[in-house]
Amino acid sequence: RATITRPDQSSVYAEQAVTLAPGEDRQLTLAPDAFPQLNFEHPDLWWPYTMGRPNLHDLRLELRVGNRLSDTKELRFGIRTVTQHRDADI
């Protein structure tokens with residue numbers, strides 16, 4: 001289960017059921033193709049403080065066994081967009 005809390009305090013949720021064997025180690029991906037709510041229409045962008053607001057999002061990941069919380073991880077991240085433009089004469 002993943003919860004993303006945006007700088008305006010609204011939240012986005014995504015959840016995926018997974019079956020693991022004892023001792024199994026696996027990387028999981030919650031891709032926007034499968035979870036359209038992860039495609040932000042108007043993201044709160046992170047900017048260097050000299051160029052704008054350094055907006056950060058909070059991510060909370062939960063691993064549950066049945067309905068009991070087994071493990072959690074929390075982190076902060078920023079969303080950026082980078083583009084490159086060239087002059088026509090180059």
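## Confidence in the model

Within the protein chain, mean confidence runs from 94 in strand E3 (residues 57–65), where it is lowest, to 96 in E1, where it is highest. The structure is a predicted model, and for the protein chain the mean pLDDT is 91, with 98% of its residues reaching 70 or more. Where pLDDT is low, the predicted coordinates should not be read in detail.

## Overall architecture

The secondary structure of the protein chain consists of four strands and zero helices, and from the N terminus on its elements follow the order β-β-β-β. The radius of gyration of the protein chain is 18 Å, well over the 12 Å that the globule rule gives for 90 residues, so the chain is more spread out than a compact globule. Along the principal axes, the C-alpha trace spans about 60 × 30 × 20 Å.

Of the 90 residues in the protein chain, 17% are buried, and the accessible surface comes to about 7,600 Å², of which carbon and sulfur atoms account for 50%. When contacts between residues at least 6 apart in sequence are considered, 39% of them join residues at least 24 apart.

The largest nonpolar core has seven residues in all, namely Ala-2, Ile-4, Val-12, Ala-14, Phe-35, Leu-38 and Leu-59. Strand E1 (2–5) and strand E2 (11–14) are the elements that give two or more residues to this core. Ile-4, itself one of the core residues, is in contact, once its neighbours within four places in sequence are left aside, with Ser-10, Ser-11, Val-12, Leu-38, Phe-40, His-57, Asp-58, Leu-59 and Phe-77; among these partners, Val-12, Leu-38 and Leu-59 also belong to the core.

Thr-3 lies in strand E1 and has a relative accessible area of 17%, under the 20% limit, so Thr-3 counts as buried. Leaving aside neighbours within four places in sequence, Thr-3 is in contact with Ser-11, Val-12 and Tyr-13, and also with Asp-58, Leu-59 and Arg-60.

## The segment after strand E4

Ala-88 is found in the segment that comes after strand E4 (68–77). Its relative accessibility is 86%, and because the limit for an exposed residue is over 50%, Ala-88 counts as exposed. Although Ala-88 and Thr-72 are 16 residues apart along the chain, their C-alpha atoms are separated by 50 Å.

How values were computed:
Residues numbered from 1 in each chain as written. Predicted model: local features only at pLDDT ≥ 70, side-chain atom pairs only at ≥ 80, totals over all residues. Heavy atoms only, no water. Core = buried A, V, L, I, M, F, W, Y, C linked by side-chain atoms within 4.5 Å. Buried < 20%, exposed > 50% of the residue type's maximum accessible area, 1.4 Å probe, protein only. Contact = heavy atoms within 4.5 Å. pLDDT = per-residue confidence, 0-100. Rg over C-alpha atoms; globule rule 2.2 N^0.38 Å. Areas by Shrake-Rupley, 256 points an atom, 1.4 Å probe, with all protein chains shown as cover.
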